[in-house]
Every structure is written in structure tokens, then in C-alpha cells.
Amino acid sequence: TMQGTLLERGESDGILVENEACAQLTHVIVRECDTALHLKGDARIEGDENEILDNRVTGVLSEDNSYLALEQTTLSGSRVSNISLTHNACIELRGALVHDSKTGIELDGLSHGTIQGSHIHSCSVGIHIRTEAGAQTNVLESSIGYCKRLGVLCGRTCAPTLSSCDIRHCE
């Protein structure tokens with residue numbers, strides 16, 4: 001459990017959680033790392049009211065059956081993506097602010113989950129979904145806007161559900 005912690009200027013991972021470990025984060029700020037939060041090998045991170053800022057590569061990298069649940073969290077300024085899920089990772093993102101990166105949120109492979117009540121803006125691509133058939137992604141009651149290229153980009157085999165979303169001012 002981490003509460004009220006500031007981690008900055010790390011050389012690689014700010015917080016690494018792996019091999020079935022679990023971390024609870026509250027009021028944690030992670031910035032200027034290669035990857036702020038890295039989950040792998042059935043790892044789990046849950047948290048609320050965190051800030052993940054200005055990371056050199058990715059704000060959150062979740063892979064290998066890991067589970068990420070964040071509420072009221074700000075993810076901003078990562079050069080590649082603010083959140084990247086691969087290899088059957090699962091996400092529950094509620095009430096988050098995701099902005100200012102190449103890709104706001106990307107899901108790949110069998111990654112799946114729910115993004116609800118979140119605001120995704122000022123990215124080249126707001127949400128990029130390249131999941132395989134059968135991987136369910138739900139984007140509910142969220143706003144996606146001011147993206148330089150696309151609000152939502154879907155690959156050939158994915159079938160996300162978007163419900164009550166506001167997508168505007170994307171080129």
C-alpha cells in the first residue's frame with residue numbers, strides 16, 4: 001500500500017508489480033520515469049486519486065493477465081501512450097483524466113475492460129483498440145475530444161461498445 005507518495009525521475013519503472021503481487025495506490029504521484037506503473041505476470045494495481053505525469057515512454061504498461069483498476073486518476077504527458085494494455089490485461093478506469101500523449105489509451109491482443117466516466121483529450125489518437133475477436137472493451141459515458149488524428153481507432157477484428165460517449169473536435 002502506498003499513500004501520499006511522490007516518485008520522480010526514475011531510470012526505468014517507477015512502480016513495478018509482478019508475479020501475482022498486488023498494490024494499492026492512493027494519492028500517489030509518479031512522474032518522469034520511462035514507465036510509471038508496470039504490471040506483469042498476473043499482477044494487480046488498484047487505486048484512486050493518483051497522478052501519472054510526463055513519463056518518457058508510457059504512463060501505465062499492463063501485460064500478461066494483469067489487472068488495473070484506477071479511479072479519479074490523471075494520466076498526462078507520456079510520449080508514446082498514457083495507458084497501454086497487452087497480452088490479456090484487464091482495465092477498469094473510472095472518472096479518469098487522460099490527455100497530452102501520442103495515444104491516450106491502447107488495448108492490444110486479448111486485453112479488455114471498461115472505461116467509464118472518463119475524459120480523454122489532446123492526444124493524437126484518443127483510444128486505439130487492436131484487440132482480437134472476443135476481447136470485450138466498453139467505453140461508457142466518456143468524452144473524447146481535441147485529438148489530432150482520431151478519437152477512437154479500431155482494428156479489423158475488435159468490436160468495442162461505446163455508449164453515451166461524446167466524441168468531438170477530432171480531425
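In this predicted model, residue N50 sits in the loop that runs between strand 7 (44-48) and strand 8 (51-53). A polar atom of the N50 side chain lies 3.4 Å from the backbone oxygen of D48. Once the neighbours within four places in sequence are left aside, the residues in contact with N50 are L25, T26, H27 and V28, together with L70, Q72, T73 and T74.

**Salt bridges**

Side chains of opposite charge can pair when their charged atoms come close. The structure holds eight salt bridges, and a few of them are described here, beginning with the one between R31 and E8, whose closest N and O atoms are 2.8 Å apart. Because R31 belongs to strand 5 (residues 29-31) and E8 to strand 2 (residues 6-8), this pair ties together parts of the chain that are 23 residues apart in sequence.

A salt bridge also joins the side chains of K40 and E18, with a distance of 4.0 Å from N to O. Here K40 lies in strand 6 (residues 35-40) and E18 in strand 3 (residues 13-18), so the pair ties together parts that are 22 residues apart in sequence.

In another salt bridge the side chains of R56 and D34 meet, at 2.8 Å from N to O. This pair links distant parts of the chain, 22 residues apart, with R56 in the loop between strand 8 and strand 9 (58-62) and D34 in the loop between strand 5 and strand 6.

How exposed are the residues of these pairs? The table gives the relative accessible area for each partner.

| Residue | Relative accessible area | Class |
|---|---|---|
| R31 | 26% | partly exposed |
| E8 | 32% | partly exposed |
| K40 | 27% | partly exposed |
| E18 | 31% | partly exposed |
| R56 | 29% | partly exposed |
| D34 | 24% | partly exposed |

Elsewhere in the chain, E106, D108 and R130 are linked with one another in a network of salt bridges.

**The protein as a whole**

Which kinds of secondary structure does the protein contain, helices or strands? The count comes to zero helices and 23 strands. The radius of gyration is 14 Å, which is close to the 16 Å that the globule rule gives for 171 residues, and the protein is therefore as compact as a globular protein of that length. Taken along the principal axes, the C-alpha atoms fill a box of roughly 35 × 30 × 25 Å.

The protein exposes about 7800 Å² of surface, of which carbon and sulfur atoms supply 44%. Among the contacts between residues at least 6 apart in sequence, 31% join residues that are at least 24 apart.

Definitions and conventions: Residues are numbered from 1 along each chain as its sequence is written. This is a predicted model: local features need pLDDT of at least 70, side-chain atom pairs count only at pLDDT 80 or more; totals for chains, interfaces and linings use all residues. Side-chain values use heavy atoms; hydrogens and water are left out. Helices (H or I, at least four residues) and strands (E, at least two) are DSSP runs, numbered from the N terminus. A polar contact is a pair of N or O atoms within 3.5 Å; within protein, one must be able to donate a hydrogen and the other to accept it, and residues adjacent in sequence count only if both atoms are side-chain atoms. Contact means heavy atoms within 4.5 Å. Buried means under 20% relative accessible area, exposed over 50%, partly exposed in between (1.4 Å probe, protein chains only). The radius of gyration is taken over C-alpha atoms; the globule rule is 2.2 Å times the number of residues to the power 0.38. Accessible areas come from the Shrake-Rupley method with a 1.4 Å probe; for residues, only the protein chains shown count as cover.
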